[in-house]
Amino acid sequence: MTSTMIKFRNVSKTIGNKQVLVRIRLTVSQGSVVGIIGAKGAGKTTLLRLAAGVLYPDAGEVWVTGKKVHPGLLGGLPSGIGALIESLAFLPQLSGLRNLAMLARIRRRINTNSIRTSMLRIGLNPDNRNPVWSYSLDMRQRLGIAQAIMEEPSVLLLDEPTNGLDQEGRRLLADILEEQTRRGASILLVSDRQADINPFCDKLYSLEEGVLLPIRQRREHKWIIMTNSAEDLELLSLNIPSFQKIGWMNNNLAGTCMGEWETDEELFAFLALKGIYSTAIRKDH
């Protein structure tokens, strides 16, 4: 049975004169990635702070790793969390490794080798002695990600995780998120832009005027569909908006599409309902 690692039960929160969250209901299961998109100021970061236990709801309950988050510094803060929420304030005069080593002393769960490994996974050189003030935006973001994963938390909270990352950094982030979910970590991502987090997410929501609205409830996969009929190829274009023709493959007409089908049997069944015959279907990894 899959465990629920994060749960919001009818959570509402007002900041100043603005109600930023309205009766939020959300669950994040073990080993899954949930994304939330919304405009700046929509309340996405507030939601992460509630999950981290640095803010508390005006109404409703927040549960993390099976425990209710209570106000106060003792006994109520959630454990097993790694977080990158807004910009981390690293000590600018110290190197990346020394900054992470100081943070690791708070919980005393990991050694220097673990810190070095987390830096290497995101493409940072732990032997770089340059101070953090000299880091580029890309390097600072990578250091924040290394900080979030270095203790192998059971829950990851990431605010705009792709912000400032170059192409290599985004690829390494994708690899890290996959590694984290394989070992059972639960991940909650928030971003202003759907395109930045959509490929990582099993479920995706939009936060609008304090209300959480589902966009999709399953991860999208890329599929290759082959057929020996030009007529079926046209039907694919008509019935699947994302379908794109790619020409010939294995002596068949072929195209690609994105969709939430988990297995080729599900996609075959969908096509059969549309009267489309396919000779072969496979995921394009």
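Predicted model: local features only at pLDDT ≥ 70, side-chain atom pairs only at ≥ 80, totals over all residues.
Six strands make up an open sheet, and their order is 6-7-8-3-9-10. The pairing is mixed. Strand 6 (81-84) and strand 10 (211-216) are the edge strands. Each has a single partner strand, so one side of each has no neighbour in the sheet. On average, neighbouring strands are turned by 20° against each other, direction ignored.

Leu84 stands opposite Leu158 of strand 7. Helix 5 (residues 167-182) lies across strand 3 (33-37), strand 7 and strand 8 (186-191). This helix runs at about 145° to strand 8.

**Helix 7**

Which residues of helix 7 are buried? In this helix (residues 230-239), they are Asp232, Leu233 and Leu236. Seen down the helix axis, the buried residues fall within an arc of 105°, so they line one face of helix 7. An α-helix has 3.6 residues a turn, so residues three or four places apart point the same way. Ala230, Glu231 and Leu238 are exposed on the other side of helix 7.

At the start of helix 7, Ser229 places a side-chain oxygen within 3.2 Å of the backbone nitrogen of Glu231. The table lists elements among those that cover the buried residues of helix 7.

| Covering element | Residues |
|---|---|
| Strand 11 | 221-227 |
| Strand 12 | 244-249 |
| Strand 13 | 252-259 |
| Helix 8 | 264-273 |

**The nonpolar cores**

The largest nonpolar core holds 32 residues. Leu100, Met119, Leu143 and Leu189 have the most contacts inside it. Two or more residues each come from strand 3, helix 2 (96-107), helix 3 (112-121), helix 4 (137-149), strand 7, helix 5 and strand 8. Helix 4 gives the largest share, 5 residues. In soluble globular proteins, nonpolar side chains tend to be buried together.

What does Leu189 touch, leaving aside residues up to four places away in sequence? Its contacts are Val33, Val34, Gly35, Ile36, Leu158, Pro161, Leu177, Ile197, Phe200 and Cys201. Leu158, one of these contacts, is also the residue opposite Leu84 in the sheet.

A second core is separate and has 28 residues. Met5, Val64, Val155 and Leu157 are among them.

Methods: Residues numbered from 1 in each chain as written. Heavy atoms only, no water. Pairing = 2+ DSSP bridges. Helix = DSSP H or I, 4+ residues; strand = E, 2+ residues; numbered from the N terminus. Axes fitted to C-alpha atoms, helices over the stretch in contact; angles between N-to-C directions. Contact = heavy atoms within 4.5 Å. Buried < 20%, exposed > 50% of the residue type's maximum accessible area, 1.4 Å probe, protein only. Arc of directions from axis to C-beta. Polar contact = N/O pair within 3.5 Å; in protein donor to acceptor, adjacent residues only side chain to side chain. Core = buried A, V, L, I, M, F, W, Y, C linked by side-chain atoms within 4.5 Å.
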